Amino acid sequence: MMKCLGRLCVAMLLGWAVPASAQMWQLDAAHSTLTFTNTYQNVEYTGQFRRFDATINYDPGDLAHAKFDVSVDITSLDTRNSERDHTALGADFFNAPKFPKAHFVTTAFRQAAGGKVTADGVLTLRGISKPVVLTVTFAPHGDTATLDVTASLKRLDFGIGAGQWADPSMIGDGVTVHGHLQLRKANP
Amino acid sequence: MPLRSTEQGWGALVRAFHWLIAVLIVAQGVIGLSMVQMGLTPAKVRVFALHKSIGMTILALVLLRIAWRLTERRPADPPAMPRWQRRAAHALHLALYVLILAIPLSGWWFNSTANAPLVWFGWFDIPGLTGGYDPVWKPRALLLHQTLFWILVALLAGHVGAALWHHFGERDDVLRRMTVGPRKQNGEVR
(Lines give C-alpha, C1' and ligand atoms only; values in the text may rest on other atoms or scores of the structure.)
Protein backbone atom coordinates (compact mmCIF):
# COMPACT_ATOMS: atom_id res chain seq x y z
CA MET A 1 0.00 0.00 0.00
CA MET A 2 2.77 2.40 0.93
CA LYS A 3 4.68 1.39 -2.21
CA CYS A 4 1.67 2.17 -4.36
CA LEU A 5 1.11 5.51 -2.68
CA GLY A 6 4.76 6.28 -3.25
CA ARG A 7 4.38 5.70 -6.99
CA LEU A 8 1.33 7.89 -7.00
CA CYS A 9 3.31 10.61 -5.27
CA VAL A 10 6.09 10.39 -7.83
CA ALA A 11 3.57 10.55 -10.64
CA MET A 12 1.86 13.55 -9.11
CA LEU A 13 5.15 15.32 -8.55
CA LEU A 14 6.17 14.70 -12.15
CA GLY A 15 2.81 15.93 -13.30
CA TRP A 16 3.12 19.15 -11.36
CA ALA A 17 6.62 19.70 -12.62
CA VAL A 18 5.15 20.25 -16.11
CA PRO A 19 3.02 23.41 -16.33
CA ALA A 20 -0.64 22.47 -16.29
CA SER A 21 -1.50 23.80 -19.76
CA ALA A 22 1.70 23.06 -21.65
CA GLN A 23 1.42 20.57 -24.44
CA MET A 24 4.37 18.68 -25.78
CA TRP A 25 4.20 17.55 -29.40
CA GLN A 26 6.14 14.99 -31.33
CA LEU A 27 7.23 15.73 -34.87
CA ASP A 28 5.91 13.46 -37.59
CA ALA A 29 9.00 13.92 -39.72
CA ALA A 30 7.65 11.98 -42.70
CA HIS A 31 4.81 14.44 -43.14
CA SER A 32 6.65 17.63 -42.25
CA THR A 33 8.62 19.92 -44.53
CA LEU A 34 11.04 22.78 -44.09
CA THR A 35 11.19 24.73 -47.33
CA PHE A 36 12.52 28.10 -48.42
CA THR A 37 12.25 30.34 -51.45
CA ASN A 38 14.97 32.55 -52.80
CA THR A 39 15.97 33.88 -56.23
CA TYR A 40 18.82 32.81 -58.49
CA GLN A 41 19.50 35.10 -61.46
CA ASN A 42 16.23 36.78 -60.48
CA VAL A 43 14.29 33.55 -60.95
CA GLU A 44 12.51 32.22 -57.88
CA TYR A 45 13.29 28.68 -56.76
CA THR A 46 12.32 26.59 -53.79
CA GLY A 47 14.60 24.41 -51.72
CA GLN A 48 14.17 22.31 -48.65
CA PHE A 49 16.03 20.71 -45.79
CA ARG A 50 14.97 17.08 -45.74
CA ARG A 51 16.17 16.36 -42.20
CA PHE A 52 15.31 18.47 -39.21
CA ASP A 53 14.12 17.86 -35.70
CA ALA A 54 11.75 19.97 -33.64
CA THR A 55 10.80 19.99 -30.00
CA ILE A 56 7.45 21.73 -29.86
CA ASN A 57 5.77 22.79 -26.66
CA TYR A 58 2.68 24.71 -27.61
CA ASP A 59 -0.77 25.44 -26.31
CA PRO A 60 -2.53 28.35 -28.02
CA GLY A 61 -4.11 29.22 -24.66
CA ASP A 62 -0.80 29.42 -22.84
CA LEU A 63 1.74 31.22 -24.97
CA ALA A 64 3.82 32.05 -21.90
CA HIS A 65 4.99 28.45 -21.72
CA ALA A 66 5.30 27.83 -25.44
CA LYS A 67 8.67 26.91 -26.84
CA PHE A 68 10.02 25.72 -30.21
CA ASP A 69 13.46 24.25 -30.48
CA VAL A 70 14.45 23.24 -34.00
CA SER A 71 17.64 21.69 -35.27
CA VAL A 72 18.28 21.47 -39.01
CA ASP A 73 20.71 19.15 -40.79
CA ILE A 74 22.26 21.56 -43.30
CA THR A 75 23.66 18.69 -45.38
CA SER A 76 20.10 17.60 -46.17
CA LEU A 77 19.70 20.64 -48.45
CA ASP A 78 17.84 19.91 -51.69
CA THR A 79 17.07 22.62 -54.27
CA ARG A 80 16.38 20.17 -57.11
CA ASN A 81 19.65 21.09 -58.78
CA SER A 82 22.65 18.97 -57.84
CA GLU A 83 25.28 21.55 -58.87
CA ARG A 84 23.56 24.24 -56.86
CA ASP A 85 23.26 21.99 -53.80
CA HIS A 86 26.90 21.00 -54.00
CA THR A 87 27.96 24.64 -54.27
CA ALA A 88 25.61 25.78 -51.52
CA LEU A 89 27.13 23.36 -49.00
CA GLY A 90 30.64 24.64 -49.73
CA ALA A 91 32.73 27.16 -47.83
CA ASP A 92 31.37 30.23 -49.69
CA PHE A 93 27.81 29.42 -48.66
CA PHE A 94 26.56 27.23 -45.80
CA ASN A 95 30.02 25.78 -45.15
CA ALA A 96 28.40 22.53 -44.05
CA PRO A 97 31.66 20.73 -43.15
CA LYS A 98 32.25 23.37 -40.45
CA PHE A 99 28.61 24.20 -39.60
CA PRO A 100 26.57 21.06 -40.26
CA LYS A 101 23.62 22.17 -38.13
CA ALA A 102 21.42 25.21 -37.88
CA HIS A 103 19.53 25.83 -34.68
CA PHE A 104 16.46 27.89 -33.90
CA VAL A 105 14.98 28.45 -30.48
CA THR A 106 12.15 30.74 -29.49
CA THR A 107 12.50 33.32 -26.76
CA ALA A 108 8.95 34.71 -26.52
CA PHE A 109 5.52 34.34 -28.12
CA ARG A 110 3.22 37.26 -28.75
CA GLN A 111 -0.42 37.58 -29.68
CA ALA A 112 -0.29 39.90 -32.68
CA ALA A 113 -3.06 41.88 -34.33
CA GLY A 114 -5.80 39.93 -36.09
CA GLY A 115 -5.46 36.90 -33.83
CA LYS A 116 -2.06 36.04 -35.29
CA VAL A 117 0.68 34.66 -33.14
CA THR A 118 4.30 35.58 -33.65
CA ALA A 119 7.31 34.03 -32.03
CA ASP A 120 10.58 35.80 -31.37
CA GLY A 121 13.56 33.57 -31.56
CA VAL A 122 17.22 33.25 -32.33
CA LEU A 123 18.51 31.46 -35.40
CA THR A 124 22.07 30.23 -35.36
CA LEU A 125 23.26 29.56 -38.86
CA ARG A 126 26.84 29.28 -40.10
CA GLY A 127 28.01 30.15 -36.59
CA ILE A 128 26.13 33.46 -36.55
CA SER A 129 23.16 34.05 -34.22
CA LYS A 130 20.51 36.59 -35.21
CA PRO A 131 16.98 37.33 -34.02
CA VAL A 132 14.27 35.94 -36.30
CA VAL A 133 10.51 36.42 -36.01
CA LEU A 134 8.16 33.57 -36.90
CA THR A 135 4.54 33.87 -37.89
CA VAL A 136 2.76 30.93 -36.24
CA THR A 137 -0.39 29.20 -37.49
CA PHE A 138 -1.49 26.33 -35.31
CA ALA A 139 -4.40 23.99 -36.13
CA PRO A 140 -5.15 21.20 -33.63
CA HIS A 141 -7.14 18.12 -34.71
CA GLY A 142 -7.62 15.99 -31.59
CA ASP A 143 -4.36 14.22 -30.85
CA THR A 144 -2.64 15.70 -33.88
CA ALA A 145 -1.99 19.21 -35.07
CA THR A 146 -0.45 21.07 -37.96
CA LEU A 147 1.91 23.90 -37.25
CA ASP A 148 2.85 26.30 -40.04
CA VAL A 149 5.59 28.81 -39.41
CA THR A 150 6.97 31.43 -41.77
CA ALA A 151 10.00 33.65 -41.39
CA SER A 152 11.81 36.14 -43.58
CA LEU A 153 15.53 36.41 -43.27
CA LYS A 154 18.50 37.71 -45.15
CA ARG A 155 21.19 35.26 -46.21
CA LEU A 156 23.91 37.92 -45.99
CA ASP A 157 23.11 38.46 -42.28
CA PHE A 158 24.52 34.97 -41.82
CA GLY A 159 27.40 35.35 -44.25
CA ILE A 160 25.91 32.89 -46.75
CA GLY A 161 27.41 33.66 -50.14
CA ALA A 162 29.16 36.81 -48.98
CA GLY A 163 32.09 38.18 -50.98
CA GLN A 164 31.94 37.48 -54.71
CA TRP A 165 28.43 35.98 -54.47
CA ALA A 166 26.91 38.90 -52.52
CA ASP A 167 25.28 40.48 -55.62
CA PRO A 168 21.51 40.08 -55.04
CA SER A 169 20.82 40.05 -58.80
CA MET A 170 22.79 36.79 -58.85
CA ILE A 171 21.40 35.33 -55.62
CA GLY A 172 18.63 37.19 -53.81
CA ASP A 173 19.38 38.35 -50.28
CA GLY A 174 15.85 37.77 -48.96
CA VAL A 175 14.88 34.21 -48.08
CA THR A 176 11.39 33.16 -47.00
CA VAL A 177 11.41 30.07 -44.83
CA HIS A 178 8.32 27.98 -44.34
CA GLY A 179 7.97 25.11 -41.92
CA HIS A 180 4.98 22.80 -42.21
CA LEU A 181 5.03 20.52 -39.18
CA GLN A 182 2.72 17.61 -38.60
CA LEU A 183 2.52 16.96 -34.87
CA ARG A 184 1.27 14.22 -32.57
CA LYS A 185 0.55 14.73 -28.89
CA ALA A 186 3.48 13.41 -26.89
CA ASN A 187 1.24 12.63 -23.88
CA PRO A 188 -2.28 12.16 -25.21
CA MET B 1 20.52 42.84 -103.97
CA PRO B 2 16.95 41.51 -104.10
CA LEU B 3 15.30 40.50 -100.86
CA ARG B 4 14.03 37.23 -102.31
CA SER B 5 16.15 34.49 -103.82
CA THR B 6 16.22 34.03 -107.60
CA GLU B 7 17.20 31.28 -110.01
CA GLN B 8 20.73 32.72 -110.00
CA GLY B 9 21.37 33.61 -106.36
CA TRP B 10 20.31 33.87 -102.78
CA GLY B 11 18.22 36.86 -101.63
CA ALA B 12 19.35 39.35 -99.04
CA LEU B 13 17.29 37.83 -96.27
CA VAL B 14 18.68 34.31 -96.74
CA ARG B 15 22.22 35.67 -96.76
CA ALA B 16 21.56 37.74 -93.63
CA PHE B 17 20.14 34.68 -91.85
CA HIS B 18 23.06 32.53 -93.00
CA TRP B 19 25.84 34.84 -91.84
CA LEU B 20 24.17 36.02 -88.66
CA ILE B 21 23.53 32.44 -87.57
CA ALA B 22 27.03 31.42 -88.68
CA VAL B 23 28.66 34.09 -86.52
CA LEU B 24 26.47 33.18 -83.55
CA ILE B 25 27.24 29.46 -83.93
CA VAL B 26 31.00 30.09 -83.98
CA ALA B 27 30.67 32.35 -80.92
CA GLN B 28 28.52 29.71 -79.20
CA GLY B 29 31.09 26.99 -79.86
CA VAL B 30 33.94 29.10 -78.45
CA ILE B 31 31.87 30.19 -75.42
CA GLY B 32 30.56 26.69 -74.80
CA LEU B 33 33.97 25.02 -74.92
CA SER B 34 35.52 27.74 -72.73
CA MET B 35 32.82 28.06 -70.10
CA VAL B 36 32.96 24.43 -69.00
CA GLN B 37 36.64 24.94 -68.11
CA MET B 38 35.94 27.89 -65.81
CA GLY B 39 36.12 27.65 -62.04
CA LEU B 40 32.86 28.36 -60.26
CA THR B 41 32.60 32.14 -59.95
CA PRO B 42 29.81 34.64 -60.68
CA ALA B 43 31.60 35.22 -64.01
CA LYS B 44 31.01 31.57 -64.93
CA VAL B 45 27.32 31.90 -64.10
CA ARG B 46 27.12 34.98 -66.35
CA VAL B 47 28.92 33.25 -69.22
CA PHE B 48 26.53 30.28 -68.93
CA ALA B 49 23.61 32.71 -68.97
CA LEU B 50 25.07 34.32 -72.12
CA HIS B 51 25.50 30.91 -73.78
CA LYS B 52 21.86 30.06 -73.04
CA SER B 53 20.64 33.43 -74.33
CA ILE B 54 22.61 33.14 -77.58
CA GLY B 55 21.39 29.56 -77.99
CA MET B 56 17.76 30.58 -77.70
CA THR B 57 18.44 33.41 -80.15
CA ILE B 58 19.86 30.92 -82.65
CA LEU B 59 16.82 28.69 -82.18
CA ALA B 60 14.46 31.59 -82.92
CA LEU B 61 16.50 32.73 -85.93
CA VAL B 62 16.64 29.19 -87.36
CA LEU B 63 12.86 28.86 -87.05
CA LEU B 64 12.38 32.19 -88.84
CA ARG B 65 14.94 31.17 -91.44
CA ILE B 66 13.19 27.87 -92.14
CA ALA B 67 9.81 29.64 -92.34
CA TRP B 68 11.25 32.08 -94.87
CA ARG B 69 12.96 29.32 -96.88
CA LEU B 70 9.62 27.52 -97.20
CA THR B 71 8.24 30.54 -99.08
CA GLU B 72 11.19 30.65 -101.47
CA ARG B 73 12.77 28.79 -104.32
CA ARG B 74 16.39 27.82 -104.02
CA PRO B 75 18.84 28.93 -106.72
CA ALA B 76 19.75 26.31 -109.29
CA ASP B 77 22.83 24.20 -108.72
CA PRO B 78 25.73 24.87 -111.12
CA PRO B 79 24.97 22.99 -114.36
CA ALA B 80 28.33 21.24 -114.31
CA MET B 81 27.68 19.73 -110.88
CA PRO B 82 27.27 15.92 -111.00
CA ARG B 83 24.15 14.41 -109.55
CA TRP B 84 25.87 12.74 -106.56
CA GLN B 85 27.35 16.08 -105.56
CA ARG B 86 23.96 17.77 -105.73
CA ARG B 87 22.47 15.03 -103.58
CA ALA B 88 25.34 15.18 -101.10
CA ALA B 89 25.10 18.97 -100.89
CA HIS B 90 21.35 18.94 -100.34
CA ALA B 91 21.61 16.16 -97.73
CA LEU B 92 24.34 18.09 -95.93
CA HIS B 93 22.23 21.25 -95.92
CA LEU B 94 19.26 19.33 -94.54
CA ALA B 95 21.46 17.80 -91.83
CA LEU B 96 22.78 21.25 -90.91
CA TYR B 97 19.24 22.57 -90.53
CA VAL B 98 18.33 19.62 -88.31
CA LEU B 99 21.43 20.15 -86.17
CA ILE B 100 21.08 23.89 -85.70
CA LEU B 101 17.54 23.24 -84.48
CA ALA B 102 18.39 20.20 -82.38
CA ILE B 103 21.45 21.64 -80.62
CA PRO B 104 19.68 24.61 -79.02
CA LEU B 105 16.70 22.38 -78.24
CA SER B 106 18.92 19.80 -76.54
CA GLY B 107 20.61 22.59 -74.57
CA TRP B 108 17.23 23.91 -73.50
CA TRP B 109 16.24 20.38 -72.54
CA PHE B 110 19.45 19.88 -70.54
CA ASN B 111 18.90 23.20 -68.79
CA SER B 112 15.35 22.15 -67.95
CA THR B 113 16.36 18.79 -66.48
CA ALA B 114 19.08 20.57 -64.46
CA ASN B 115 16.41 22.95 -63.10
CA ALA B 116 18.63 25.89 -64.00
CA PRO B 117 17.30 29.36 -64.78
CA LEU B 118 16.94 30.53 -68.37
CA VAL B 119 16.51 34.27 -68.65
CA TRP B 120 16.92 35.68 -72.14
CA PHE B 121 19.68 38.33 -71.81
CA GLY B 122 18.34 39.10 -68.33
CA TRP B 123 15.14 40.27 -69.93
CA PHE B 124 12.50 37.55 -69.59
CA ASP B 125 12.21 34.12 -68.11
CA ILE B 126 11.89 31.18 -70.53
CA PRO B 127 10.13 28.19 -68.96
CA GLY B 128 11.62 24.71 -68.88
CA LEU B 129 10.74 22.02 -71.41
CA THR B 130 10.24 19.31 -68.79
CA GLY B 131 8.69 19.10 -65.35
CA GLY B 132 11.71 20.43 -63.50
CA TYR B 133 14.74 18.64 -62.13
CA ASP B 134 15.30 15.20 -63.62
CA PRO B 135 18.55 13.53 -62.57
CA VAL B 136 17.90 10.54 -64.86
CA TRP B 137 17.52 12.46 -68.14
CA LYS B 138 19.91 15.28 -67.28
CA PRO B 139 23.16 13.44 -68.17
CA ARG B 140 21.53 12.06 -71.34
CA ALA B 141 20.44 15.52 -72.43
CA LEU B 142 23.96 16.83 -71.86
CA LEU B 143 25.50 13.96 -73.79
CA LEU B 144 23.09 14.59 -76.66
CA HIS B 145 23.88 18.32 -76.66
CA GLN B 146 27.63 17.66 -76.77
CA THR B 147 27.42 14.85 -79.32
CA LEU B 148 25.27 16.89 -81.69
CA PHE B 149 27.74 19.77 -81.33
CA TRP B 150 30.68 17.60 -82.44
CA ILE B 151 28.65 16.21 -85.35
CA LEU B 152 27.95 19.82 -86.33
CA VAL B 153 31.66 20.63 -86.18
CA ALA B 154 32.38 17.73 -88.53
CA LEU B 155 29.60 18.65 -90.97
CA LEU B 156 30.62 22.32 -90.91
CA ALA B 157 34.13 21.30 -91.89
CA GLY B 158 32.57 19.60 -94.92
CA HIS B 159 30.28 22.58 -95.60
CA VAL B 160 33.09 25.15 -95.47
CA GLY B 161 35.44 22.85 -97.35
CA ALA B 162 32.89 22.31 -100.11
CA ALA B 163 32.20 26.06 -100.38
CA LEU B 164 35.91 26.80 -100.73
CA TRP B 165 36.34 23.97 -103.24
CA HIS B 166 33.50 25.40 -105.35
CA HIS B 167 35.08 28.84 -105.24
CA PHE B 168 38.76 28.06 -105.71
CA GLY B 169 38.55 24.63 -107.37
CA GLU B 170 35.47 24.68 -109.55
CA ARG B 171 35.54 28.49 -109.83
CA ASP B 172 31.74 28.60 -109.87
CA ASP B 173 29.28 30.99 -108.15
CA VAL B 174 28.24 28.77 -105.23
CA LEU B 175 30.16 30.68 -102.52
CA ARG B 176 29.83 34.05 -104.25
CA ARG B 177 26.06 33.90 -104.33
CA MET B 178 25.98 33.49 -100.54
CA THR B 179 28.39 36.43 -100.11
CA VAL B 180 28.57 39.30 -102.61
CA GLY B 181 26.09 37.81 -105.06
CA PRO B 182 26.47 35.89 -108.36
CA ARG B 183 28.35 37.20 -111.35
CA LYS B 184 26.32 38.57 -114.23
CA GLN B 185 26.39 36.69 -117.51
CA ASN B 186 29.21 38.94 -118.74
CA GLY B 187 31.28 38.29 -115.60
CA GLU B 188 30.32 41.40 -113.63
CA VAL B 189 29.34 41.02 -110.00
CA ARG B 190 25.73 42.02 -109.56
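In the predicted model, helix H1(B) passes helix H2(B) in a left-handed crossing, a crossing being left-handed if the near helix is turned anticlockwise from the far one by less than a right angle, and right-handed if clockwise. Helices (H or I, at least four residues) and strands (E, at least two) are DSSP runs, numbered from the N terminus. This is a predicted model, in which local features need pLDDT of at least 70 and side-chain atom pairs count only at pLDDT 80 or more, whereas totals for chains, interfaces and linings use all residues. Residues are numbered from 1 along each chain as its sequence is written, and chains are lettered from A in the order in which they are written.

Two packed helices are described by the angle between their axes and the distance between the axes. For H1 (residues 12–35) and H2 (residues 42–70) of chain B, the packing angle is about 155° and the axes lie 9 Å apart. H1(B) is therefore roughly antiparallel to H2(B), the term applying to angles over 145 degrees. Axes are lines fitted to C-alpha atoms, for helices over the stretch in contact, and angles run from 0 to 180 degrees between N-to-C directions. The contact of H1(B) with H2(B) comprises 17 nonpolar, five polar and two charged residues. In this classification Ala, Val, Leu, Ile, Met, Phe, Trp, Tyr, Cys and Pro count as nonpolar, Asp, Glu, Lys and Arg as charged, and the others, Gly among them, as polar.

Chain B contains four helices and two strands, arranged along the sequence in the pattern α-α-α-β-β-α. Its C-alpha atoms fill a box of roughly 60 × 30 × 30 Å along the principal axes. Of the 190 residues of chain B, 21% count as buried (20 or more other C-beta atoms within 10 Å; exposed, 12 or fewer; partly exposed in between; C-beta atoms placed from the backbone). Among contacts in chain B between residues at least 6 apart in sequence, 63% join residues at least 24 apart, a contact requiring C-beta atoms, placed from the backbone, to lie within 7 Å.

In the segment before H1 of chain B lies B:Glu7, which is exposed, with 9 other C-beta atoms within 10 Å. Beyond its neighbours within four places in sequence, B:Glu7 is in contact with B:Pro75 and B:Ala76. B:Phe121, in the loop between strands E1 (119–120) and E2 (124–125) of chain B, has a positive phi near 45° although it is not a glycine. B:Phe121 counts as exposed, with 12 C-beta neighbours inside 10 Å.

In chain A, strand E2 (residues 33–40) runs antiparallel to strand E11 (residues 174–185), to which five bridges join it; strands pair if DSSP finds at least two bridges between them. Here A:Phe36 stands opposite A:Val177 in E11(A). E2(A) is also joined by six bridges to strand E3 (residues 43–49) of chain A, again antiparallel, with A:Thr35 opposite A:Gln48 in E3(A). The hairpin of E2(A) and E3(A) has two residues between the strands, and A:Gln41 takes a positive phi near 50° there. A positive phi of about 50° is also found at A:Asn95, which is not a glycine. A:Asn95 lies in the loop between helix H2 (82–88) and strand E7 (101–111) of chain A and is partly exposed, with 17 other C-beta atoms within 10 Å.

The contact between the chains takes twelve residues from chain A and 14 residues from chain B. The side of chain A that touches chain B has four nonpolar, six polar and two charged residues.

How values were computed. Parallel < 35°, antiparallel > 145°, perpendicular 65-115°, else oblique. Contact = placed C-beta atoms within 7 Å.
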